[in-house]
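Grab your viewer and let's work through some aromatic ring pairs. Each exercise comes with a worked solution.

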Amino acid sequence: MKLFPSLSILHLAAAGSDFHVEGCLSVAVPWGGLDADLDSNCVALGDALKAFYPDMGFRMDSCFESCTVESDLDAMTPVDIAYASGQLNPATANLACLDVCVEVWNIDEDAVGADDEQLVLKYIEDSISLPYNGVAKFINVNNYNEFEGSGSGDEPTTTTGPATTGTTTSGTGTTTTGITTTTTVNPFEGYSEYRTCVTMYLPILWILGSIFGNVNELCFSFTGQICDSFHQVGAKCWETMCSGECSGDGTQDDVSDFLDNDAEAAEDSQTSEKPFDTNGRVKPDAPRNKPGCFDYCWTVHATDQQINNVIDLWASTRRGFSDKMSNERFLANRQKTFENIADFALLDSIVEDGEYTGGMNQLIEDTVDAGFTCDANCDDSNIVDTASSTMWGKTDNAALSGIDCQNGNNGGCSHLCTGEGVDGVCSCPNDCWDLVGKECQIPADKVLLKCEPDRMVAYVAKCIVEDVDEGVTSGDYHLSDSDCNPSTGFVNATESCPTEIDSNGTGCMSFNTRLDECSTGVTADYTSNIMTFSQVLKSAAVGQPVTASSGATFFMSIAPKITVDFTCEYNTDYETHVGSALVNPDSVDNSLTSTGNFVFQLNTLDPVYTSRSGAISSWSSHDAVADPYNVGSTLYYKVCQAMPLDNIYFSVPDCTVTNANKTESYGIMVNHHTDEFVKFQRVGRDFNGTFSEWNSAADNVPMPAGSWYSPSNELSNDCLYFSYTVFEFVGDDNDGDLRLTCDVHACNYDEAQPNDVSSCVSEDLLARRKRSTESIQQYWRVAVDIPLRHLDV
């Protein structure tokens, strides 16, 4: 062995394992340092590099007679091809060139000088060529990744481990398995991705003795055997390709094909017969004593600990598995791990799922009888040696996202989640949405929500809800209740849209619904005195008819389902004055959540009685300014919800009379308890536009089904009528008017939540107030001035 043994050895102090690279280079070194044949020179070169750089990891995968980037090297110094037909050429130019494929890891960032791919590659080129006074240039880089190292103190975004590519001999059979040389660890989940593609060679008699009728059935079982062990430890595993073709023949052709390098597979490929026809079906007349083959690719997402758990699982259940495992740590020899798993999984597929006739013992006997041999006497621990495999492809990968779209929670994505394993991607229905983290949000300039006293009105820019391929019509959407759709007038696609959200005139989707229509959701938070109403604009998944193999017809849709949630919160305090309600404007907001005001009114009035029974037949408005009240007369008034809703009831627990300068006040009803001194009375109520008096318990308002509260005369959804005897405060030297103020509390009236009426009835009010003494009780406050007639004597 030559390779310049007299050169001094360079030691690189590595503070941490930062970079991992796998690729192929053209290397030119002085002629006198090369061995006579290519194979021995390749081995010697790899050994020498390991000695030169003990703190870095070098693996010489392959050497080739070619010099792919000869012109690039010639630009630096004259070079010529080193080998022909495996033998060293006569010396010509200054340097002799050959192609090598290597794997290098434990490259410390501090030694390189920066976290920069080009600097790292240059560092490797120099590491290979400079000790020999030569030159080197990368032909291709299959993988470039970064470890979480300790050299620079920076926080890298990905972590990788070294890859293995080569030939390992076990018995008389050989398995060369390729896995992706990218081992990228997600910084959040700790998962790495391993992609493996192999051509598997096995005795055809194994296939013929099983129940498998085609290659897909074999691969389905093969996937189950491989992936079940990963699934048991919480890792992800799935098949990516299965074919009756045989892409790998175990023979390297050039640098682009250096992965396909396995002597046993090369031998098997020379004598193999295809066990599957062009449609993938098993050929019953295929020769039993010949090797057959098929292509298979699979992907694994797993942590290092999960891989170790899988190794332990296989070792504990399959005799012979441990004997074939390498003593190297997994990341340094993951190829051997995966090839062993594949070997034993294929055998288990044939014997167990394939129900090989006679079981394992008969398979061993049949295999030996057909002329296949093991390193020792064939048994269940080494019969796998009668098969071989060769890697023919690998792919790179970036850092995993850590998102599992199949975790039962859509990967945490609010809308769309795509991707396999733990490398999912969150996305939105179209580009009009904003993706913030995992949540799709509607931009403020694309939505307008108005919470009116009795309804929600919303506008959404058409681009939010449209299908980018087919556009959108109002028929594509409905509200929470699917009957609330365009045909019923609740949802409309219109070109008329508020300019705040549609400056380009592209149009809107809009809806306008009362708070008691279209299954509007209601949530009552009486601690905070907030009533929340929610409505959803949903896409109607119509779908297309699809006929299954069974003949059944299904309607399926591949279009993303879009839902937009709108929320109105009602919580305010305002007053009414003589004869009318003064209401703060409702909030109009560029968001999906806004606030609004219920409208309650307090008005004075006079009863109209029937001539016969003396019952109240109707009411007339009382103009207290034109006709002031006399002290001692009866004052009638009503408190009404200006826009009645079927699902919102209210009660009036408190009414107070205050003098003009607000120095004196008297509660004529406190916590639903009426005052006897002023002869305060509950007169009646309006319900569905009809007035009725409280004459008996039968007139009380029933509670929602399932409520534990009794029917009551304390609430209504329309109007409540009251009366009391007019009085004045003695000693008040101000002859001004009085002021009548009442507090109103709203509640949810819903059979789904029957006890939400609690805040409207006195059965619970006192207890609730005692429990909430430290909280602020808020009500809608309505008031009216009460002019008094003052007579001068």
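**Exercise 1.** Which residues do ring pairs link into a cluster?

Solution. The cluster joined by ring pairs holds Tyr637, Tyr666, Phe680, Phe722, Tyr724, Phe727 and Phe729. Here, rings of Phe, Tyr and Trp (its six-membered ring) pair if their centres lie within 6.5 Å; planes under 30 degrees apart are stacked, over 60 edge-to-face, and the rest tilted.

Some ground rules: the model is predicted, so local features need pLDDT of at least 70 and side-chain atom pairs count only at pLDDT 80 or more, while totals for chains, interfaces and linings use all residues. Residues are numbered from 1 along each chain as its sequence is written, and side-chain values use heavy atoms, leaving out hydrogens and water.

**Exercise 2.** Count the aromatic pairs, then classify Tyr194 with Phe338.

Solution. The rule gives 20 aromatic pairs. For Tyr194 and Phe338, the ring centres are 5.3 Å apart and the planes sit at 40°, so call the pair tilted. Tyr194 belongs to strand E10 (residues 192–203) and Phe338 to helix H10 (residues 334–353), so this pair ties together parts 144 residues apart in sequence. (Helices are DSSP runs of H or I, at least four residues; strands are E runs of at least two; both are numbered from the N terminus.)

**Exercise 3.** Is Phe338 buried or exposed?

Solution. Phe338 has a relative accessible area of 1%, so it's buried (under 20%; exposed is over 50%, partly exposed in between; 1.4 Å probe, protein chains only). Phe338 also pairs with Phe230, stacked at 6.0 Å centre to centre and 20° between planes.
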